[in-house]
There are 2 protein chains.
Amino acid sequence: MQRLAADADRLPPYRWGALEDAITLPQATLALLRRLLGRGERLPPPLPVAAAAISEEALAGGALEALRAALGKEGVDCDPASRLAHARGMSSEDLLLARYGAAVDAPDAVLAPRSHEQVLSVLSLCAQERIAVVPSGGRTSVVGALAARRAGFSGLIALDLRAMDALLQIDEQSASATFEPGVVGAAAEAALGRRGYTLGHFPQSLARATIGGFAATRSAGQASTGYGRFDQNVLSLRIATPRGELAIGRAPRSSAGPDLRELFLGSEGALGVITAVRLGVRRAPAQERYEGYLLPDFDTGLELARELSQSGAPPMLVRVSDQLETLAGSGPLPGTEVHGGGGSLAIIGHAGDRAQVRAGAAAAAKLTQTLGGRALPGAGERWRAERYMAPHLRDALLDAGYFAETLETAAFWSDLAGPEGLYERVRSALVEALTQGGARALVMCHVSHLYPAGASLYFTAICRVEEGTLQRWQAARRAAGAAIAAVGGTISHHHGIGTYHRAALADEIGPLGVQLLRAMKSSLDPQGIMSPGVLIP
Amino acid sequence: MQRLAADADRLPPYRWGALEDAITLPQATLALLRRLLGRGERLPPPLPVAAAAISEEALAGGALEALRAALGKEGVDCDPASRLAHARGMSSEDLLLARYGAAVDAPDAVLAPRSHEQVLSVLSLCAQERIAVVPSGGRTSVVGALAARRAGFSGLIALDLRAMDALLQIDEQSASATFEPGVVGAAAEAALGRRGYTLGHFPQSLARATIGGFAATRSAGQASTGYGRFDQNVLSLRIATPRGELAIGRAPRSSAGPDLRELFLGSEGALGVITAVRLGVRRAPAQERYEGYLLPDFDTGLELARELSQSGAPPMLVRVSDQLETLAGSGPLPGTEVHGGGGSLAIIGHAGDRAQVRAGAAAAAKLTQTLGGRALPGAGERWRAERYMAPHLRDALLDAGYFAETLETAAFWSDLAGPEGLYERVRSALVEALTQGGARALVMCHVSHLYPAGASLYFTAICRVEEGTLQRWQAARRAAGAAIAAVGGTISHHHGIGTYHRAALADEIGPLGVQLLRAMKSSLDPQGIMSPGVLIP
């Protein structure tokens, strides 16, 4: 057993990177934003606890004593700064509110269990005392999954799983590795890398989010087209619930009834706590290569993506930007490069041995050429260099007074394109809602995370922070959800449901689906203490 | 919408093929069996209804009238021959009992709905009247999934979905096809083949089993190593339950909570009725090639399989027989070929374009050579020619007085080999139980259905039909289940749970897993009318 403590523990709340690593927007970008959206007013950094309005600690003394007895004194933290840090996640809404010091219902205590057994004890105790429990890892939720409801409970605690940070086992024969839930993604990848393996899971949140969180939210990394989503690589789970424990997954696949792993993947803390995850790993590729192409327009870009996904040997990574995102740079937010005159930027990544990479790149080059595209030398490597920068850019945008938020969905290919397709309808819905009352907004998109049958669309919206920005964004999110439902797409491809999309989930799975989720929750959590208000409609 | 009626409707019950197509065992095989197991006594064919002891029809006249009103007269069949045909499945136990005319609890009527709406009506009506309902397709269950419990209900009906046999849609853009549940596998494959597509799903049961059955049992075909299991290719499901309907699957993958598709995959009729299935399809490969190799022993064969599964580009099909199965021929049952002197027969199939097939075959040849294997010219093509013969051979063996049955499991690679591994422990358990009291038995095995993290083991046992054969087999099945549990494997990789493995399922998922399954069932089927006694422990 190897502990994998990570730097993420020392990062500040409500800002992606350390303050000393903050980037500033290039002057050209700032000038462009001012021209398109108006001048932003510089925002203060997230407020320290002394200035923030957090709820009063409400936990009864007896309960607190019992929790200390279960976890040791060092496992129960009632410090206001810790409580504030666990009150919200990392949506742009969360970050904005943190900078304004809006009042927040913080948990009464932050608990740090160190074992499966300690988690079981805490849950049993909290069920008895009717204390609501919000399990967390890197707290990078962008869908409000940390904002559980306190109403009806005698207290609210955060269950910080980051002290459960062990790599429990590498099984080389079975190409698998078993982690405790609190291992940060980057630390897991580094530990596997030292043995010549990779998880192939590279989300933007890699530096902060944890293995347990990836599983509980069905995370998908940038390279999911080749390596699969996180949930597709989960082999076994150990789960603690208020009613006891489960150990599921005795084989890669089984026909022993419904696949219970698939109930806890995506359960977002509402059904129990994932205390160990066995994952498929693979040999790290000898080579990676990223290339950029410019396609005539986004329709052609979607066509390229679809053909790559159905080629039988899709690239490791494909993302194709619409015209605005292409204009805004090679990332999802305004950068420095403008590929003049529109078009659609495709980034295609290949991994494998030298021959595989060469063959994949040749096939992609041929296909893009057939579709009227041209190579953009250096664009692939530039994307790679900036691949984890978006959350830092978001900090810099907020610093400069601009609100940037993302929203994603997925559907079958035949529902994506065209005037009544998912792309056009969601884009229009966002633009319309964000420009109410004459406000200005930029809405851009890329297609990524490809499957032979469909793909994800990832939208980014940017507006100036001003009166009503947050309300307009919330209305835009609802409007986008309605557009997604109208086309028949899913409300989330990899961000999850949290508190933001509960109503949309109810629409997506229908009354009987809701009833089924509630029945599962009642069975495992009859007092309803697990992340109340999260996920389950 | 295109109806795909299939020949399977006209096949006899309790025998795989038509009597006129029956094969006889080669004299050499018969002689070998006599030498190893003793002389079998020829068995009669399955008894016709006049001679079979079937339960009396118990359905109240009012209920029958209401069902006729819902489905039309032609949709309600109370003919004793139909009722007998729906009383059992296709396990060797079922076939043997049918030949002996053992008394059987037949359903009171066979209902043939023609639409999702008719299924909903029937379920609602049966819930009201407390009539147990057993959904079925090809009735090829080998785990007793058709033998639902009547106790506590006012009647028992079979819901024969084969009249719902339409190909509803082919969506070429999304590489998907949507079927009604009653389409027979071979008919689906033929219809797709006419459009240049394949499902890639080739189980032994292809000629009889249906799309709905494949989904409800998590079927895996012979080529699952390359094409994936059936459940992995399910994109969307439409479900009818006693409480109403669900439509699930709006995208290939989603992070909108637990994946509800995965509850109905493997639900074996106990949670509801699958009334439509959207499946991923792919372009039919330009080429297929099957090759045979002889490895020094089964341990080396397992090593070959593992290395192929983790190569990053596994073959479409891999199956490696242990020494007894290798001696017995290239199929799972005694055939004509003996590859003298033991060793382990590997069949490896490649599919794709010419270059892919050539590259795959070259890689496999190189690896087998490294492991001390040698090519067996013609063995691959011979296996291909005989790939659907096993159930016909089973008929012929029963005709000749020999009982042959199979049992399968799966686990992670590190649990498969070695003296305490899954192979050795299950094999020993079967042999020990089957040879109680001096009886004789052959137990053989192959590894197939590979994943990077593990694989399936498929055991075949053959004994002479004599006093106590059935009881010994049932004891052997339980002993094998205990051995599987001890090693930590799953009780079924692709046959399902049915009535045979319910106790083992309870052990596999634990008390909380059982509670969860029961909660789901109660939510969708509060009267418990759906296949009572099947699946849910």
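Which residue forms a salt bridge with A:E180, and how far apart are the closest N and O atoms? Let me set the ground before I answer. This is a predicted model, in which local features need pLDDT of at least 70, side-chain atom pairs count only at pLDDT 80 or more, and totals for chains, interfaces and linings use all residues. Residues are numbered from 1 along each chain as its sequence is written, chains are lettered from A and ligands numbered from 1 in the order in which they are written, and side-chain values use heavy atoms, with hydrogens and water left out.

The partner of A:E180 is A:R3, with the closest N and O atoms 3.7 Å apart; a salt bridge here is a side-chain nitrogen of Lys or Arg within 4 Å of a carboxyl oxygen of Asp or Glu. This pair links distant parts of the chain, since A:E180 sits in the loop between β7 (176-179) and α6 (185-193) of chain A while A:R3 belongs to strand β1 (residues 2-3), 177 residues apart; helices (H or I, at least four residues) and strands (E, at least two) are DSSP runs, numbered from the N terminus. With a relative accessibility of 8%, A:E180 counts as buried, whereas A:R3, at 40%, counts as partly exposed; buried means under 20% relative accessible area, exposed over 50%, and partly exposed in between, with a 1.4 Å probe and protein chains only.

A second pair in chain A joins A:D171 to A:R278, with the closest N and O atoms 2.9 Å apart. Here strand β6 (residues 166-171) holds A:D171 and strand β11 (residues 273-280) holds A:R278, 107 residues apart. A:D171 is buried at 7% relative accessibility, and A:R278 is buried at 14%.

Let me turn to how the chains meet. The contact, meaning heavy atoms within 4.5 Å, takes 73 residues from chain A and 73 residues from chain B. The area buried between the two chains is about 5800 Å², of which carbon and sulfur atoms give 61%; buried area is the accessible area (1.4 Å probe) that two parts lose on being put together, summed over both. Of the area that chain A buries against chain B, A:R250, A:R253 and A:F412 supply 16%, more than any other three residues. A:R250 also meets B:D507 in a salt bridge, at 3.9 Å from N to O, and the rule finds two salt bridges across this interface.
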